Amino acid sequence: SAGRTARIARRSGCCRYHLREKQYMNERHLPYRDSDFIRARVPMTKRGIRILTTGLLGIEPADTVVDIGAGTGGLTIEAARQVPKGRVYAVEHNEEACDLIEQNVRKFGADNVRLIRGHAPDALWPVKSCDRIIVGGSGHELEGIFKWAAAHLKPGGRIAANFVTIENAAECVRLMNEYFDEPELIQAGISEGTTTGGLTLLKAQNPVFIVTGLQPLPEPDIDC
């Protein structure tokens with residue numbers, strides 16, 4: 001009958017709505033694609049490296065995260081989504097990059113991001129303490145950045161630094177051993193599939209060194 005047909009149509013429409021809603025909720029928690037970002041000439045940390053970096057940091061929802069050398073804001077935005085109760089400081093001195101960060105913050109509605117324009121570590125004075133630190137660029141001030149990080153990262157906090165050159169990675173490993181516990185070095189070489197003539201080819205990205213460390217917990221007081 002016409003009534004039965006209408007009821008089936010309503011149920012079918014309702015099911016399609018719930019499936020679309022479920023798909024949206026699932027996609028909302030997936031890492032952003034590179035194509036989601038507003039980009040220009042400023043280098044951006046690629047999606048695979050963003051996933052590895054945030055995963056190795058073990059970011060918690062209420063954390064304060066500092067992204068030094070934020071560039072386009074890829075890691076800043078990714079971290080901002082993971083700290084709905086926290087805050088992300090994006091530190092960048094390049095004016096074009098700062099403009100891109102502001103544009104991406106608006107695009108993704110990342111209200112918990114604060115942009116700090118300037119060179120680290122001098123520009124970091126607004127940050128009193130933090131739970132996680134990302135180093136994506138040092139501006140030839142790597143040791144100063146590590147000294148600042150050691151003084152401001154909370155006990156149990158983690159730091160991750162990304163570099164594409166062997167020299168910077170080697171210097172970072174030295175500093176990580178000097179200032180933090182449990183230093184680790186990972187070299188990630190990621191390739192993405194592209195379609196050409198109906199066939200799939202792998203397009204390699206530049207290998208990236210990811211160096212991580214842990215801020216030690218204070219020694220417990222033991223009464224003898």
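User: In this predicted model, does Tyr32 count as buried or exposed?

Analyst: The model is predicted, and its values are computed from the atoms. A residue is termed buried when its relative accessible area is under 20%. Tyr32 has a relative accessibility of 17%, so Tyr32 counts as buried.

User: How are the rings of Tyr32 and Phe37 arranged as a pair?

Analyst: The structure holds five aromatic pairs. In the pair of Tyr32 and Phe37, the ring centres are 6.1 Å apart and the planes stand at 90°. Planes over 60 degrees apart count as edge-to-face. The arrangement of Tyr32 and Phe37 is therefore edge-to-face.

User: Which residue places its charged end over the ring of Tyr32?

Analyst: Tyr32 belongs to one aromatic cluster with Phe37 and Phe108. Over the ring of Tyr32, 3.9 Å from its centre, sits the charged end of Arg81.

User: Which residues does Asp36 touch, not counting residues up to four places away in sequence?

Analyst: Asp36 is found in the loop between α1 (2–28) and α2 (47–57). Its relative accessibility is 16%, so Asp36 counts as buried. With residues up to four places away in sequence not counted, Asp36 touches Lys107 and Phe108.

User: Where in the chain do the salt-bridge partners Asp34 and Arg50 lie?

Analyst: The side chains of Asp34 and Arg50 meet in a salt bridge, at 2.9 Å from N to O. The pair links distant parts of the chain, 16 residues apart. Asp34 lies in the loop between α1 and α2, and Arg50 in helix α2.

User: Do Asp34 and Arg50 count as buried or exposed?

Analyst: The cut-off for a buried residue is a relative accessible area under 20%. Asp34 has 13% relative accessibility and so counts as buried. Arg50, at 0%, likewise counts as buried.

User: Why does the salt bridge of Asp99 and Arg117 tie together parts that are apart in sequence?

Analyst: The side chains of Asp99 and Arg117 meet in a salt bridge, with 3.7 Å from N to O. Asp99 is in helix α4 (residues 95–108) and Arg117 in strand β3 (residues 113–117), so the parts that the pair ties together are 18 residues apart in sequence.

User: What separates Arg174 and Glu178 along helix α6?

Analyst: Arg174 and Glu178 form a salt bridge whose closest N and O atoms are 3.3 Å apart. Arg174 is partly exposed at 38% relative accessibility, and Glu178 is partly exposed at 46%. Because they are four residues apart in helix α6, the two are separated by about one helical turn.

User: Which residues of the largest nonpolar core touch the most other members?

Analyst: In soluble globular proteins, nonpolar side chains tend to be buried together. The largest nonpolar core in this structure has 26 residues. Those that touch the most other members are Val66, Ile133 and Ile159.

User: Which elements do the buried residues of α5 pack against?

Analyst: The buried residues of α5 are Leu142, Ile145, Phe146, Trp148 and Ala149. They cover an arc of only 160° around the axis, which means that they lie on the same side of α5. These buried residues pack against β1, β4, β5 and α6.

Methods: Residues numbered from 1 in each chain as written. Predicted model: local features only at pLDDT ≥ 70, side-chain atom pairs only at ≥ 80, totals over all residues. Heavy atoms only, no water. Phe/Tyr/Trp six-rings, centres within 6.5 Å; stacked < 30°, edge-to-face > 60°. Buried < 20%, exposed > 50% of the residue type's maximum accessible area, 1.4 Å probe, protein only. Lys NZ or Arg CZ within 6 Å of the ring centre and 35° of its normal. Core = buried A, V, L, I, M, F, W, Y, C linked by side-chain atoms within 4.5 Å. Contact = heavy atoms within 4.5 Å. Arc of directions from axis to C-beta. Salt bridge = Lys/Arg side-chain N within 4 Å of Asp/Glu carboxyl O.
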